[in-house]
Amino acid sequence: MRKNKLLLLFCILIVITAAVLGYLSVAYWQGGVSNYEPPQQPAVSPQERARSDLQNLSRAVEAYFIKNMEYPGKLELLMPEFVDRVENDPSSGKPYQYSLDETRGTSRYRVSVPDPKLYNAKEFHIEDGMLVQK
C-alpha cells in the first residue's frame, strides 16, 4: 500500500515536472527575437512635428542662453550639447529659419518654418519662447 502511494506521488511529480518544462519551452520559443514586435508609434502630422521641433529648438536656445549668457548666432551652435541635430521642416524639407535681433540692449530670437503657407498659416514661429500660429 505504501509502495503504491510512493509510486503515485512519483508519477504526479513527473507529470508536474513535464508540464513546467513544456510551459517554459513554449514561453522561451514565443519570446524569441523573431516574435518581437516593437510598439507602434502614433502617426504625427507634419504640423504637429513642426510645432514640436520649434518648441525643442526654442528650449535649446534658452538653455544655450542660460549657459553662455547670450543667444546663439545660428542654430548649428546648439549641436551637440543642446540638441543632437537640427531637424529640417517636415513639409518643405528646408532648414528651420532662425533670427536674432539685438537692439537697444535687448535680444529677441525667432525660430520659424520656412514656408508657413504649407501649414495654412500666415505665421508659424516661436518668438522668445512663445508659439505664434495664425
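Gln133 is partly exposed, with a relative accessible area of 29%; buried means under 20%, exposed over 50%, and partly exposed in between (1.4 Å probe, protein chains only). This is a predicted model, in which local features need pLDDT of at least 70 and side-chain atom pairs count only at pLDDT 80 or more, while totals for chains, interfaces and linings use all residues. Residues are numbered from 1 along each chain as its sequence is written, and side-chain values use heavy atoms, with hydrogens and water left out.

Gln133 belongs to strand β4 (residues 130-133). Helices (H or I, at least four residues) and strands (E, at least two) are DSSP runs, numbered from the N terminus. Leaving aside residues up to four places away in sequence, Gln133 touches Gln47, Arg51, Glu123 and Phe124; contact means heavy atoms within 4.5 Å. The side chains of Gln133 and Arg51 are joined by a polar contact of 3.4 Å. A polar contact is a pair of N or O atoms within 3.5 Å; within protein, one must be able to donate a hydrogen and the other to accept it, and residues adjacent in sequence count only if both atoms are side-chain atoms.

Strands β3 and β4 pair in the antiparallel sense over 4 bridges; two strands pair if DSSP finds at least two bridges between them. In this pairing Phe124 stands opposite Gln133 in β4. The two strands β3 and β4 form a hairpin with 2 residues between them, and Asp128 in the turn has a positive phi of about 50°.

Strand β2 (residues 106-112) is joined to strand β3 (residues 124-127) by 3 bridges, and these strands run antiparallel. Here Arg110 stands opposite Glu127 in β3. Glu127 also forms a salt bridge with Arg110, the closest N and O atoms being 2.7 Å apart; a salt bridge is a side-chain nitrogen of Lys or Arg within 4 Å of a carboxyl oxygen of Asp or Glu. Because Glu127 lies in strand β3 and Arg110 in strand β2, the pair ties together parts that are 17 residues apart in sequence. Glu127 is partly exposed at 21%, and Arg110 is partly exposed at 31%.

## Other charged residues

The count comes to 7 salt bridges. One of them joins the side chains of Glu81 and Lys67 (2.5 Å, N to O). Glu81 lies in the loop between α2 and β1 and Lys67 in helix α2, so the pair ties together parts that are 14 residues apart in sequence. Arg49, Asp53, Arg85 and Glu87 are linked in a network of salt bridges.

Asp89 lies in the loop between α2 (46-68) and β1 (97-103). Asp89 is buried yet has no salt bridge, and the nearest side chain of opposite charge, Arg49, is 7.6 Å away. For charge, Lys and Arg count as positive and Asp and Glu as negative; His and the chain ends are not counted. A polar contact of 2.4 Å joins the side chains of Asp89 and Tyr119.

## Aromatic pairs

The count comes to 4 aromatic pairs. Rings of Phe, Tyr and Trp (its six-membered ring) pair if their centres lie within 6.5 Å; planes under 30 degrees apart count as stacked, over 60 as edge-to-face and the rest as tilted. Tyr64 and Phe82 form an edge-to-face pair, 5.7 Å centre to centre with 65° between the planes. Tyr64 lies in helix α2 and Phe82 in the loop between α2 and β1, so the pair ties together parts that are 18 residues apart in sequence.
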